Amino acid sequence: MTLDSSIEFLKGVGPERAKFIRNVLGISTVEDLLTFYPLRYIDRSKIHRIGNLVEEPDAEIQLKGKITDVQEIGYGKGKKRLVAKFRDESGTMELVWFRYSKWMKDQIPINRDIFIFGKVNLFNGNFSMAHPEIEVDEKKALSGTLLPIYPGSEKLSKRGISNKFFQITIMEILRNLPSLIEENLPDSMMKKLKLIGRITAFYNIHFPKDLAHFEYANRRIKFEEAFFFQLGYGLKKQHQKTSVVGNPFPVVGENFNHFYENFLPFELTNAQKRVLKEIRTDLKKPIQMNRLLQGDVGSGKTMVALLSMLIAMDNGFQSCIMAPTEILAQQHFNGISELLENTGIKVRLLTGSTKTSERKTIHQELLNGELSILVGTHAVLEDVVQFKNLGLAIIDEQHRFGVAQRAKLWAKNKIPPHILVMTATPIPRTLAMSFYSDLDVSVIDEMPVGRKPIITAHRRDKDRLSVFRFAKEEIEKGRQIYFVYPLIEESETLDYKNLMENFDHILEFYSEYNVTMLHGRMRPEEKETNMKYFASGKAQIMVATTVIEVGVNVPNASVMVIESAERFGLSQLHQLRGRVGRGAEQSYCILLTSDKLSKESRTRIKTMTETNDGFKISEVDMQLRGPGDILGTQQSGVVDFKKLNLVADGNIIKLAKNTVDELILHDPHLQKPEYLSLRNYYVKQYKGKNKWGRIS
Ligand code: ADP
Ligand code: MG
């Protein structure tokens, strides 16, 4: 028997049950069963009284008393159930069995002190318990240990696979086959970190003697999950740094210097300078850069990107910058073209709607090296787009790009290009530590000078008129306004109708001004025309759906009104808010909601009004939505930890990360004898499954 053996060979299981358990719970091996952790524990030393019962769905409790009477009661078409009266000094209740045998019925002890155990239901003011466990032995009942309750289901118990089945079967493994559970952490590490051994941990996670024992076991098991997960990333990063060659960019030359000295429209912030230095240091080495650039909306990531591309150019390499939407790509193109206008450096834009003739030119110029900087959307990834020597690829707003797409970028050059991933959605600390630990991270944590923090206010629908008036006053001062409406797939038609109606209202209320519009149903040319109309200042008001969410840059816009703000997620709200506050004027974000808000929407709105700090917002967002949603569907599968909780276990994750870093520094290939078992376990558990095969 090994950990990989089928559970069918365990005592009391057999092929039938094994198959059923596999189908329902996905448990097939002994190891699966050992890591099928209890959902919670029940303190069997505690006895409840019928007179004091309260309604508590799903709570399993123990009572002490006597069964005074048992009867079969017919109901429905020839169906019968067994009903018993149970009493203690404080009252009586019914016990019910819907499935039973005659043998079982005869076994029920009458007028004897017994302990019963199960879930109580409240029906018509009376408590009852279905299918209670009965124990006549007081010692066994009051065993004093915490009894595990496994995440079972009705479906399972109907097939005779009860909670007790799991208790017995798992106990069986722990008692008779402890040698299967091999220690996978070195002694020195366990001692240093005060971690208990693996066998003890498994024993105490299933059958803790008390709360303290449970805590030790829980900590050890969580650590193990975090540690091996991080080890995967750590080794991958190590591998990248030592074996994935990159093109070194040793010089900073003409293109960079000429631009920096003559055309830089502002002084870089210290944070921008620092990040640029970090990138520069990476690029000098003959190792592929994989860097994540985090910086809140408006912190000036584009300039860092442009300057990096100029360095690539100085070293004879091409670069590309990709954005997730046409509008954004267009905007990057406009901004970068404008900045480079008098430098003689050529930039082109490639998106899905680029005309065939222009497309041909781009393909040609990329191949012969005439074009050094390409701005685009996913269209850049298409196989027909071939570069002469792509040296740097920049991805803006990375969470919208998938793993496969990033892999395509790697393949665009024989020696993979350096990769800079830019995101305005700060990633919570624990997630960054877990999921981006194969990337180096740079942070722009400082806003350009002269920015005033955006003032955010929450208003109810009934205050709409005063909000509209306020916006009008801002327009009179020369500012521009966004009105944003939700557009959500399920009710798209309705939302769309709603959007049009609101558009009419706004036209009416602001009849002396120009209003334009942006939504997902428009053709790209139409979007572009309307965007230009607003960006040029000809329109004072932009009515839009979330298509303007990322990146849109109109510094003169100072008010963002978000309608039905309760329907937006936190990071979405933060992104939207980032569309204002881009100039020197005081900016406002007004969140309009209905009167009735769910608890969660209230938290979102409150967080928005209390802070402008994207990192804080991302932490709250993760608490509300869970890490899977934050990482996006691409990676949500990887957050399937059994015990580790990415929201709550920050300390353990940090400890594991530091331990991994130290280990890799100390022995990068895990070759020392003391790491043998660790290495074996890692190879077996993780490498084979390649759970984190993400390419950055
Ligand atoms: P994001 O990080 O959100 O992509 P952008 O790169 O779009 O931010 O920059 C936001 C605005 O701030 C732009 O108008 C840009 O020109 C301006 N900006 C960037 N860096 C600075 C700076 N150091 N000083 C002043 N303005 C800056
Ligand atoms: Mg940007």
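1. Phenylalanine 483 and tyrosine 510 are both buried. Please keep in mind as you read on that this is a predicted model.

2. Phenylalanine 483 belongs to strand 17 (residues 480–484), while tyrosine 510 sits in the loop between helix 18 (492–509) and strand 18 (515–518). The pair therefore ties together parts that are 27 residues apart in sequence.

3. How many aromatic pairs does the structure hold? The count is 21. Another one worth a look joins tyrosine 37 and phenylalanine 202: the ring centres are 6.5 Å apart and the planes are at 20 degrees, so this pair is stacked. An angle under 30 degrees is what counts as stacked here.

4. The tyrosine 37 and phenylalanine 202 pair links distant parts of the chain, 165 residues apart. Tyrosine 37 is found in the loop between helix 2 (30–34) and strand 1 (40–43), and phenylalanine 202 in helix 8 (residues 198–206). Are these two residues buried or exposed? Tyrosine 37 has a relative accessible area of 12%, so it is buried; phenylalanine 202 is buried as well, with a value of 5%.

5. Now to a helix contact. Helix 11 (residues 270–284) packs against helix 12 (residues 301–314) at an angle of about 30 degrees, and their axes are 10 Å apart. That angle makes helix 11 roughly parallel to helix 12, given that the term applies under 35 degrees. The crossing of the two helices is right-handed.

6. Which residues make this contact? From helix 11 come Gln272, Val275, Leu276, Ile279, Arg280 and Leu283, and they meet Met303, Val304, Leu307, Ser308 and Ile311 of helix 12.

7. A last point concerns aspartate 440, which is placed in strand 15 (residues 440–444). With a relative accessible area of 16%, aspartate 440 is buried, because the limit for that term is under 20%. Leaving aside residues up to four places away in sequence, aspartate 440 touches Lys237, Lys241, Asp282, Asn290, Arg291 and Leu292.

Methods: Residues are numbered from 1 along each chain as its sequence is written. Chains are lettered from A and ligands numbered from 1 in the order in which they are written. This is a predicted model: local features need pLDDT of at least 70, side-chain atom pairs count only at pLDDT 80 or more; totals for chains, interfaces and linings use all residues. Side-chain values use heavy atoms; hydrogens and water are left out. Axes are lines fitted to C-alpha atoms, for helices over the stretch in contact, and angles run from 0 to 180 degrees between N-to-C directions. Helices (H or I, at least four residues) and strands (E, at least two) are DSSP runs, numbered from the N terminus. Angles under 35 degrees count as roughly parallel, over 145 as roughly antiparallel, 65 to 115 as roughly perpendicular and the rest as oblique. A crossing is left-handed if the near helix is turned anticlockwise from the far one by less than a right angle, and right-handed if clockwise. Contact means heavy atoms within 4.5 Å. Rings of Phe, Tyr and Trp (its six-membered ring) pair if their centres lie within 6.5 Å; planes under 30 degrees apart count as stacked, over 60 as edge-to-face and the rest as tilted. Buried means under 20% relative accessible area, exposed over 50%, partly exposed in between (1.4 Å probe, protein chains only).
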